[in-house]
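I am opening my notebook to record what I looked up in this structure, one topic at a time.

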Amino acid sequence: MKQLLLFLFIMIFGAVQAQNIYSKSYGNPKDPAVIFIHGGPSGNATLFEGTTAQKLADKGFYVIVYDRRGEGRSKDDQASMTFKESFEDLNQVYSTYRIKKANILAHSFGGIIGTLFTRQFPKKVSSLTLAGALFSQQETYDHILKEAKEQFKTDSLQLKKITEIESLNKNSAAYRKRCYEIASEMKFFTMPSPTSESKQLRTDYETGEFYPVNFRNAESPLKFYKNEPRNNLDNTAVLKEIRKNGIPIFAVYGKDDGIFSKKQLNDMKNIVGNNHFKLIDNCSHYLFVDQQNEFLQFISLNLK
């Protein structure tokens, strides 16, 4: 009886709280399931949920968003931030919504988690979609610093900062943090020419119900790099293995997402196949906001 009541609650209200995990569903449970994995560590699903989740559901998908344990709305001071824990959270989502198989839609650092989860639990994954997702992390950091040296070649203070970053342990939270800080200074995460649609999406998000709960846990990256031995990964071989085993992989990236080199994007196209890859013009890291219509079209076309 209790299980039936819980199931009915999920179907009616969508949001549940289980093992400190925030999650919410959008759409019809009879439609193909899509589970969104947010970026991080120290991220959350509020931007995707507040701008895109319902619109993707309207395309005929059962969309589920969640915040990983210890991140965003899933507050937990005891969270370890390891991949093992991330897999437990994701498996909890499957259990909560009674899903046997789902399409994984992974953004940014979520791509690392989605890729490793797909390899470990292939029977639970219908497809893996990488959206502006990390896959060869050191290549990304090397690219950021190379571009920074070029952009700031006449700025002695910035060049000194870059030298300091390069001297850090490459498997540390500090190294990752400072690489992304300098990427942000170079506007690598910013859409070059914001459209009226993207501006409106941002405005609606910032004035809506999700922006006030855009919680960021500054301890998450520190815990991850302390507790997780597998960091700074190159998942190129893993992705090839997944594809070889018959699980479709799709990849969609912003052409102006500055954290990825042209080589990395070409490598990804070669891994997933030309028909499974899309590069969106005038689009950076948050492609589901920058160019939402093209993003939704790509997802809908490939996952149906």
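**Domains**

I began with the domain assignment, which divides the chain into domain 1 (23-136 + 191-303) and domain 2 (137-190); such bounds come from an automatic or database domain assignment. I note that this is a predicted model, in which local features need pLDDT of at least 70 and side-chain atom pairs count only at pLDDT 80 or more, while totals for chains, interfaces and linings use all residues. Residues are numbered from 1 along each chain as its sequence is written, and side-chain values use heavy atoms, with hydrogens and water left out.

I then looked up how the two domains are placed, and found that the centres of domain 1 and domain 2, taken over C-alpha atoms, are 24 Å apart. In contact terms (heavy atoms within 4.5 Å), 27 residues of domain 1 meet 17 residues of domain 2.

**Nonpolar cores**

Next I looked up the nonpolar cores, each a set of buried Ala, Val, Leu, Ile, Met, Phe, Trp, Tyr and Cys residues joined through side-chain atoms within 4.5 Å, where buried means under 20% relative accessible area with a 1.4 Å probe and protein chains only. The largest core has 62 residues, and Ile 35, Phe 83, Tyr 94, Ile 104, Tyr 253 and Met 268 touch the most other members. Helix H8 (residues 173-185) gives the most to this core, with six residues; helices are DSSP runs of H or I with at least four residues, strands are runs of E with at least two, and both are numbered from the N terminus. Domain 1 and domain 2 each supply at least three residues to this core. A second, separate core of 29 residues includes Val 34, Phe 210, Cys 283 and Phe 298.

**Thr 129**

Is Thr 129 buried or exposed? I found that Thr 129 counts as buried because its relative accessibility is 1%, and that it is found in strand S6 (residues 125-131). Leaving out residues up to four places away in sequence, Thr 129 touches Ile 104, Leu 105, Ala 106, Phe 250, Phe 298, Ile 299 and Leu 303.

**Helices H7 and H8**

Last, I looked up how helix H7 (residues 156-167) packs with H8, and noted an angle of about 150 degrees with the axes 10 Å apart. H7 is therefore roughly antiparallel to H8, since angles over 145 degrees count as roughly antiparallel. Among the residues that meet here are Ile 162 and Ile 165 in H7, and Cys 179 and Ile 182 in H8.

Key
Buried < 20%, exposed > 50% of the residue type's maximum accessible area, 1.4 Å probe, protein only. Axes fitted to C-alpha atoms, helices over the stretch in contact; angles between N-to-C directions. Parallel < 35°, antiparallel > 145°, perpendicular 65-115°, else oblique.
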